Amino acid sequence: MTAPSSAAPEGLLYIPDVASTRFYIGALALLSVLQYFVAEAAVIGAWAGPEPYSRRTGFISDLGAAGCGVFDGRNVCSPAHLLMNASFVVQGIGMMVGSWLLSSALLCVAAREGVRIRLRPGRRSPSGTALAARLLSFTAGAGTVIVGLVPEDAGSGWHGAGAVMYFVAGALALLVLGWLWVRQTALGWFILVCGVVSLGAVITAGVTAMAVPEPGTLERLMGYPITVGMAAAGLVVAQRARSAAVARQRVRSGAAGA
């Protein structure tokens, strides 16, 4: 009697080892972006400007300004600017590490249990979409690292370039990832909505040049959905990695008890 072959059927791509340490680290790196909200609240509490800081009218980058005085027509003074800028850098590194370590194949099926990806002749692998999400996330992370390293009052155009990288690439990353997961999990819809809100705010900011009654609100509609959406993506992958680890442990326990 011939033993069954263990080779994968031609045309099928099996999911990777989602329980490996690499994917845990990648998922937790994405979840780490939530520290931003804690840091922002602490820095706002330490604000020492002539007027109280308002999330509705104050720019996020004002919290990271290194000096006190008038900048671009605004009175800024943020004694805890080092904390804010460190938070930007940590957030960016978290996004970069997550996008680097989470494989495209994993992202394709992270929201579904026990799925195999069928590659049809003449059609592109769905991993191309996941690769785009990873590249965009990495770009957004690099952008916010630049924002943290180069404060708005440093006299360099790199700060603005980094902010554009974060807002635009971050919103597009959520749109791509949400579209990839929208039929797999309810969180796919949530991530997609985060991307739509962020991109809509980015377009509004570009059209109005931020000349709106509440620029702080508009900027947060650009940035907050990216932070929350990326954390949601990390949660999806972390849950999948955890369930895979539990399933593997059960198989091992069963084998040991046989």
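## Surface patch

A patch is built from residues with over 30% relative accessible area and no salt bridge, with nonpolar side chains joined within 5 Å. In this predicted model, Val-164, Val-168 and Leu-172 form a nonpolar surface patch of about 210 Å². Val-164 belongs to helix 6, which covers residues 158-181.

## Overall architecture

Eight helices and four strands make up the secondary structure of the protein chain. Their order along the sequence is β-α-α-β-β-α-α-β-α-α-α-α.

The protein chain has 258 residues, and 46% of them count as buried. Its accessible surface comes to about 13,000 Å², with 65% belonging to carbon and sulfur atoms. Among contacts with a separation of 6 or more, 73% are between residues 24 or more positions apart.

In soluble globular proteins, nonpolar side chains tend to be buried together. The largest nonpolar core here holds 48 residues, and the members that touch the most others are Leu-63, Met-95, Phe-167, Trp-181, Met-222, Ile-226 and Met-230. At least two residues of this core come from each of helix 1 (21-31), helix 2 (35-45), helix 3, helix 5 (127-149), helix 6, helix 7 and helix 8 (215-257). Helix 8 gives the largest share, 10 residues.

Met-95 illustrates how these parts meet. Apart from neighbours within four places in sequence, Met-95 is in contact with Ala-29, Leu-30, Val-33, Ser-137, Ala-140, Gly-141, Tyr-166, Ile-226 and Met-230. Two of these partners, Ile-226 and Met-230, are also listed with Met-95 among the core members that touch the most others.

## Ser-87 in helix 3

Helix 3 runs over residues 81-101 and contains Ser-87. The relative accessibility of Ser-87 is 3%, so this residue counts as buried, the cut-off being under 20%. Beyond its neighbours within four places in sequence, Ser-87 is in contact with Gln-35, Tyr-36 and Ala-39.

## Helix 7

The buried positions in helix 7 are Gly-188, Ile-191, Leu-192, Cys-194, Gly-195, Ser-198, Ala-201, Val-202 and Ala-205. Just after this helix, Ala-209 adopts a positive phi of about 55 degrees.

Conventions: Residues are numbered from 1 along each chain as its sequence is written. This is a predicted model: local features need pLDDT of at least 70, side-chain atom pairs count only at pLDDT 80 or more; totals for chains, interfaces and linings use all residues. Side-chain values use heavy atoms; hydrogens and water are left out. Patches are made of residues with over 30% relative accessible area and no salt bridge: like charges are joined within 9 Å, nonpolar side chains (Val, Leu, Ile, Met, Phe, Trp, Tyr) within 5 Å. Accessible areas come from the Shrake-Rupley method with a 1.4 Å probe; for residues, only the protein chains shown count as cover. A salt bridge is a side-chain nitrogen of Lys or Arg within 4 Å of a carboxyl oxygen of Asp or Glu. Buried means under 20% relative accessible area, exposed over 50%, partly exposed in between (1.4 Å probe, protein chains only). Contact means heavy atoms within 4.5 Å. A nonpolar core is a set of buried Ala, Val, Leu, Ile, Met, Phe, Trp, Tyr and Cys residues joined through side-chain atoms within 4.5 Å.
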